[in-house]
Every structure is written in structure tokens, then in C-alpha cells.
Amino acid sequence: MSAASATGVGPTSVAPSAARRRGGPLLRYIARRLAYAVLVVVAAYAITFALLWWLPSDPVRIMLGGQGDAGTVDPQVVADLTAKYGFDQPPPIQFLTMLGNALQGDLGVSIDDGRPVAERIAQVLPHTLQLGVVSLVLGFGLGIGIGLLANLPRSRRLRGLLFSLPPLVGSLPSFLIGLLLIQVFAYGLSALPAVGNDGIDHLILPAIALAVPTSAGIAQVTARALDESVKAAYSDYLRAKGISRRRIILRHSLRNAIIPATTLIGLSVGSILAGAVVTETVFTRQGFGRLMQEAVTQQDIPVVQGIVLLCALLYAVVNLLTDLVYPLIDPRVTLR
Amino acid sequence: MSHDVLSPPRPLDPRGHGARRASRGPRQDRAGADAAPRRLLAPTFLISAAFLVLVLLWALVPAWFTSYDPYQSDAAAKLLPPSSTHLLGTDSLGRDSFARLVHGTRTTLLTSLLALTIAFVVSSVLGLLAGYVGGIVDDAIGRVIDVTLAVPGLLVSLMLVTGLGFGAVNIAIAVGVSSIASFTRVMRAQVLRVRQADFVTAAEFGGVRFWTILRRHVFPHAIAPVTALVALEFGAAILAISALSFLGFGAAAPEPEWGSLVASGRDYLAFAWWLTILPGTVVVLVVLAANAVARQIEKVG
């Protein structure tokens, strides 16, 4: 990123060419966003370090907890483990070593089965990515659809009812949505399988379970934005020209109302990643959500840390992309 | 009505009585005073409040509502469907599901309350410092909050549970800490607003001590919107707590708790759906009721 800012136009550069004048601010904007994303990920890693390794608890004791009574453990084993994980070093050194290893793709070794954390995560990641992408698309479609539907009817009462739907859905615990879906579609109608993860039919129910809570937030924002945009002056003007309410919403307001929804992409990715922990447990699907659940159950600190780092990384990348795409969607936004 | 028109709009009162009106103009203030009694009688609010009182009574005196022992298993009454003798049916050990729900209320409510208290206290201190001191303190707190918000709350909670271990108190701490960030944001914004007031400047020039200014002058005025947020977050805390105990990190096995009730019924979903769906529905109803009451507090307050 320092390379990018070096090529950007600084205040001291003399008589920049037209091309550089156009390219400069964009590069600087990208560089700043990129630097911020890197900062967020490193800082998130620092927080995982503080919470997981540095907390009042003793990580060595936790690691040995699963393998037998702590009292019976040979002090030599404790000393070896302490040295192996570098706990005899001061915390800042421990953190820098860990960060250095993480940058090289080494996230440590799982306490549970001794395999590298990166390998364990990489093994289950495709399942979650597949599920996540499908539910993100589904969630946005559903959310914008409901937001649109809530504004279309003429009846004020019907609109009020549709407006109150998303907050209601937002109050449903995610595990209950999954269990209800299983109960109705898998056991009740025998239409779809309840558990497992091969094939498209195994993807449908978990994807819906993850998409529903995501869509609630998007529907709320879209519905409100549409409502505001329908009340805007340009809508009155179109109305006076004799264009129907429906046409104004579909042709003119929708384009404006989708902009606030795009800012929710980053947040939605976060909520889908967190929701995967519950949903994959409910549907007994493989994926890093379930890996997380198992890792926490076994207090497998390196695995938990690796997964959180991955989430922070995904969040940062998605937000970076949103920031970069945003000016293209909304021309009023200028790069700064 | 007439006295409302005659009385001048109340300014920010250094003693704290005017705190809630601080953010509103005089016109809204009058409208609020007029509408308040009618809103309190709104059916949604009444039903929600009544339901919450009922749930509170479950927590305080569970024995009033069920004669069954939540731990007493009955081999002859396994997995019975809901009936007049067993309102929500019985589980795989023949324990009355309604009794377990009612007796589990106390754990769930206390855990949520503890989580909210932790979030509220810590974020009040952080928000006051960030908003009032400003400068490098504000930057430091702000950055940490930004980063914390980059990791979803549930994952922060799970990390804390990994470090602290399992149990009702630990998941309360985990949920509490994970909601500090969003609380602090609101508190900071409020403090920034109050800090501009003349009475704060007057107190500063009058030589009032730093912590006294924060405690007596800034805090009471900044608190109102945060209170509404607390009510709203109560529902969110119950959801987070029940999700964590659903995942198996909450109160230990025989002790009833809402999330673990749902989780333990999961294996029997195919032929005893009531064990999961009915307690789950109660969780939803409590969250909805809490949200309705929160909205009312926001409107009336």
C-alpha cells in the first residue's frame, strides 16, 4: 500500500499530467482504505490474542484439561508446552511471534488433533463459503423484495403490517428458525433432508435459515429508504405528471433505495458468519461454524483464534470492496 | 393543555430532572405529554407488559405456576404430548417441560440482566471518558470499538467463553463484553452533546472535580437514550444468551435454562416437536414483548 501512496499525487508534486490528476485521488483513496483494512485485521488479531491467550486463564492448563486431570500432569510436560507455545516470553513478544507466523500462513496447531489450524479451516471452508454466498444472495433478494412489497400496496394498513414484519423476524432466535424449517420441510412434508451437506437439496434449508435474519435488516432499511424516496419532491413531480405510484417506486425510487442496502453487505457477511455457528450446528453441516462450535467446546484456542481472524479478514475485504464499489453505484459520493 | 402552553420549555437542568426532555424541542415536548396517557393504554403495550410481568413472576415464584419438580423424572411419562396435565408435554426422561421452562426463567433472566449490567457499566465509563476528555482518549477508545465491531458479537462471546470456561455466569460476561462496543458509541454521542451545555462549563470554571462533573452533571443528562437502548438490548441479550446455551456453553446439564431446553429437545424433533418449538416460542414472545416495551419507553420518555 505504501507503493500505491507513493505513486499518488502528493501536495508537493509539480504540474501533474491530466492522467495523474485523475488517477491520483483514486489511488490514494484505495491506499487509505487498504491501510485501514489491514489495520482492522491486525487489531482484531491483537484482540483475539488478548482475549484468548492473555486472559486470567492459563492456556496450558486449558490445553491439558482435555487430556486428563490437571493434577496428574507431569510438570515437565507443562514446562515443555509452555516453551513450545512461547508462554515463557513476555506477552508483546508472544503476540509479535504469533503475528509473524500468521502472516506466513501458520496459524498454529490444533490442540484437539494436532493438525495445523490452517489445514483444518481450509478443509471445511468451501462448505461455509457455498452456504454463505447462497444465503447472502437469498437474503438480499428477500430483503429488497419485502422492502419493495411493503411500499407497493395502496392500503395504509397493509403497508403498516408489512413494515412491522422485518422487526418481528429479527426477534426470532436463529436456532429456532432452523429447527422450524427442519420440523416443517424435513419431518412434516418430507420434502428436503434435515441434516448433512452434499448436494443442492442439503443446501436449501440452511441457506434459508441463514438468509431470513439477514433479510430482516435489509428489508427494514430498504423499506424506510423507499418510503422516504416516495415522499421526496421528485416523486411529487412525477406524480403530478400522472405517473402511477407503482411505476414511480419501480422505476425511480428503487434505484435510490438500494444504495443504503449495499452498505449493509459488510454487516450481513458478519452476521452470516456468526449465524453459521448456530445454523451449521442445527443442521449438522460441516463448515467453519460447526468447527468453531467444536473448538469452543474443546477450548481449542488456536482453532478459535484462526476462525476469528478469518472472519475479521473476510469482513475487512468485503467492506473494502463495498467502499470501492460505492462511488460507482452512487455518483454523489466523491472519493476522499 | 393550557398549562403546557403557558409553561416555558424547560432548559437542561443541572440537577438532572430535565434530562429526558433535553433532546426535544418544546413542540414535541407538548405532543409527548398529550399522547403519553393514550400510548400507555395501547393494547400492544398492555399485553406485552402483562406478559413480561408474568415471566418475571415465573422467575421469582416458580412454585405458583407449576406443581411439578423440574428435576423429577418419570419413566412412565416419557415424551408425552402437551395436555391438560402436562401443559408443554414431557421430555425424554419424563420431566414436565412447562415446569422446566418456568424454573429455567430465573437463570435466563438473571444471566441476561448480568450481561446488560456489565455492558452498561463498562460502556458508561468508556463513553463518558471518550466523549468528555476527547483527544487521544477518544481516539484510542474509538479505534478499539471500531475493531471490535469488525468481529461479529457472537464470535467475540465465543472467544470469551473459550478463555473463561462454560457456565451461566461466564456466558453472561461474554455477552455483556460483546455488547460494550455498540453501547459505548451511543453513550459517547450523548456525552458529546451534553458537554457543550453551559452548566457543564460553569461547573468546570467553578472548580468542580473531574469525576464529580462526570457523575453529577454529564452522566444524568446523557443517560436517557441509553436507557431506551438497554430495554431494547434486553431482548437481544436473551437471544444471545439462549443461542450460547443452545450451543451447549451455558448452565450445566440438569439445570433448566431456556436455550438448553430447546437444544435438549432437538434430538426428538421428528416425533416430539413440542419439546423444542414451544419453549422456543416463549423466547420469541419474551423478546417481542421486551421490544414493544422498549419502544414505549422511547416514545413516552
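What percentage of the 336 residues of chain A count as buried? The figure is 38%, where buried denotes 20 or more other C-beta atoms within 10 Å of a residue's own, exposed denotes 12 or fewer, partly exposed lies in between, and C-beta atoms are placed from the backbone. The model is predicted; local features need pLDDT of at least 70, side-chain atom pairs count only at pLDDT 80 or more, and totals for chains, interfaces and linings use all residues. Residues are numbered from 1 along each chain as its sequence is written, while chains are lettered from A and ligands numbered from 1 in the order in which they are written.

Chain A holds 15 helices and 0 strands. Of the contacts in chain A with a separation of 6 or more, 71% link residues 24 or more positions apart. Two residues are in contact if their C-beta atoms, placed from the backbone, lie within 7 Å.

Chain A is divided into domain 1 (22–112 + 301–336) and domain 2 (125–297). These bounds come from an automatic or database domain assignment. Taken over C-alpha atoms, the centres of domain 1 and domain 2 of chain A are separated by 30 Å. Contact between the domains of chain A involves 12 residues of domain 1 and 13 residues of domain 2. The domain 1 side of this contact divides into 9 nonpolar, 2 polar and 1 charged. Here Ala, Val, Leu, Ile, Met, Phe, Trp, Tyr, Cys and Pro count as nonpolar, Asp, Glu, Lys and Arg as charged, and the others, Gly among them, as polar.

Several loop residues of chain A were examined. Ser164(A) sits in the loop between helix 7 (156–163) and helix 8 (165–170) of chain A. Ser164(A) is exposed, because 10 other C-beta atoms lie within 10 Å. The C-alpha atoms of Ser164(A) and Gln220(A) are 8.8 Å apart, although 56 residues separate the pair along the chain.

Most residues other than glycine have a negative phi. Thr284(A) is not a glycine, yet has a positive phi of about 45 degrees. Thr284(A) belongs to the loop between helix 13 and helix 14 of chain A. With 12 other C-beta atoms within 10 Å, Thr284(A) is exposed. Gln299(A), also not a glycine, has a positive phi of about 50 degrees. Its loop lies between helix 14 and helix 15 of chain A. Gln299(A) has 24 C-beta neighbours inside 10 Å and therefore counts as buried.

The interface between the chains was considered next. In total, 40 residues of chain A are in contact with 36 residues of chain B. On the chain A side, helix 2 (18–52), helix 9 (174–188), helix 13 (265–282), helix 14 (288–297) and helix 15 (301–329) each give two or more residues. Helix 9 of chain A supplies the largest share of that side, 8 residues. By class, the chain A side has 29 nonpolar, 11 polar and no charged residues.

Chain B contains 12 helices and 0 strands. Of its 301 residues, 44% are buried. Among contacts in chain B between residues at least 6 apart in sequence, those joining residues at least 24 apart make up 67%.

Two helix pairs of chain B share helix 7. Helix 6 (residues 153–164) of chain B packs against helix 7 of chain B at about 140 degrees, with axes 8 Å apart. Axes are lines fitted to C-alpha atoms, for helices over the stretch in contact, and angles run from 0 to 180 degrees between N-to-C directions. Helix 6 of chain B is therefore oblique to helix 7 of chain B. Angles under 35 degrees count as roughly parallel, over 145 as roughly antiparallel, 65 to 115 as roughly perpendicular and the rest as oblique. Residues of helix 6 of chain B that meet helix 7 of chain B include Val156(B), Leu160(B) and Leu164(B). This contact has 9 nonpolar, 4 polar and no charged residues.

Helix 7 (residues 168–178) of chain B also packs against helix 10 (residues 210–246) of chain B, at about 130 degrees and with axes 10 Å apart. This pair in chain B is therefore oblique. Helix 7 of chain B contributes Ile171(B), Ala174(B) and Val175(B), and helix 10 of chain B contributes Ala237(B), Ala240(B), Ile241(B), Leu244(B) and Ser245(B). The classes are 7 nonpolar, 1 polar and no charged residues.

Definitions and conventions. Helices (H or I, at least four residues) and strands (E, at least two) are DSSP runs, numbered from the N terminus.
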